[in-house]
Amino acid sequence: MARRVNKAAIQAKIDKLEEQINKLQERTVALQDEQDKLQEELKAAEKAEKEAAEKAQIAAIVKAVKKSKKSPEEIMTFLSEN
């Protein structure tokens, strides 16, 4: 009889561990989904940052061109020669 109780207790512990493993696997999947979402957000933020830097650079170039008082043709000629 002691053996039967011991086996039942061991099986109960195994069942409890399997349940904990399943919960951890579910949590792992949820964390991976959250990580994927955050990576997408990071990509979008990096893209927006790059686009903003490019726009700022273009604005600075336009400002410099206007300040130089050269015609667009003169600037294009200068750029194509260098």
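Helices and strands here are DSSP runs, a helix having at least four residues and a strand at least two. With that in hand, I opened the predicted model.

**Entry 1: overall build**

I counted the elements. The protein has two helices and zero strands. Helix 1 covers residues 2-68. Helix 2 covers residues 72-81.

Next I looked up the dimensions. The C-alpha trace spans about 100 × 20 × 10 Å along its principal axes. I then checked the radius of gyration, which is 33 Å for the protein. A compact globule of 82 residues would have a value near 12 Å.

**Entry 2: surface**

How much of the protein is buried? I found that buried residues make up 1% of the 82 residues. The protein exposes about 8100 Å². Carbon and sulfur atoms supply 58% of that area.

I also looked for a nonpolar patch. Met76, Phe78 and Leu79 make one of about 350 Å². I placed Phe78 in helix 2.

**Entry 3: charges**

I noted 17 positive and 16 negative charges. Their mean positions are 6 Å apart. Side chains of opposite charge can pair when their charged atoms come close. I therefore searched for salt bridges, using a cut-off of 4 Å between a side-chain nitrogen of Lys or Arg and a carboxyl oxygen of Asp or Glu. The count came to two.

**Entry 4: Lys23 and Glu19**

Lys23 forms a salt bridge with Glu19. Their closest N and O atoms are 3.4 Å apart. Why are these two residues separated by about one helical turn? Because they are four residues apart in helix 1.

I looked up how open each partner is. Lys23 has 53% relative accessibility, so it counts as exposed. Glu19 has a relative accessible area of 46% and is partly exposed. The limit for exposed is over 50%.

**Entry 5: Lys43 and Glu40**

Which side chain meets Lys43 in a salt bridge? I found Glu40, at 4.0 Å from N to O. Both residues lie in helix 1. They are three residues apart, about one turn of the helix. Lys43 counts as exposed, at 52% relative accessibility.

**Entry 6: Lys47**

I ended with Lys47, which is found in helix 1. Is Lys47 buried or exposed? Its relative accessible area is 55%, so Lys47 is exposed. I also checked how far Lys47 lies from Ser68, 21 residues apart along the chain. Their C-alpha atoms are separated by 31 Å.

Key
Residues numbered from 1 in each chain as written. Predicted model: local features only at pLDDT ≥ 70, side-chain atom pairs only at ≥ 80, totals over all residues. Heavy atoms only, no water. Patch = residues over 30% accessible without salt bridge, like charges linked within 9 Å, V, L, I, M, F, W, Y side chains within 5 Å. Areas by Shrake-Rupley, 256 points an atom, 1.4 Å probe, with all protein chains shown as cover. Rg over C-alpha atoms; globule rule 2.2 N^0.38 Å. Buried < 20%, exposed > 50% of the residue type's maximum accessible area, 1.4 Å probe, protein only. Lys, Arg positive; Asp, Glu negative; His and termini not counted. Charge placed at Lys NZ, Arg CZ, Asp CG, Glu CD.
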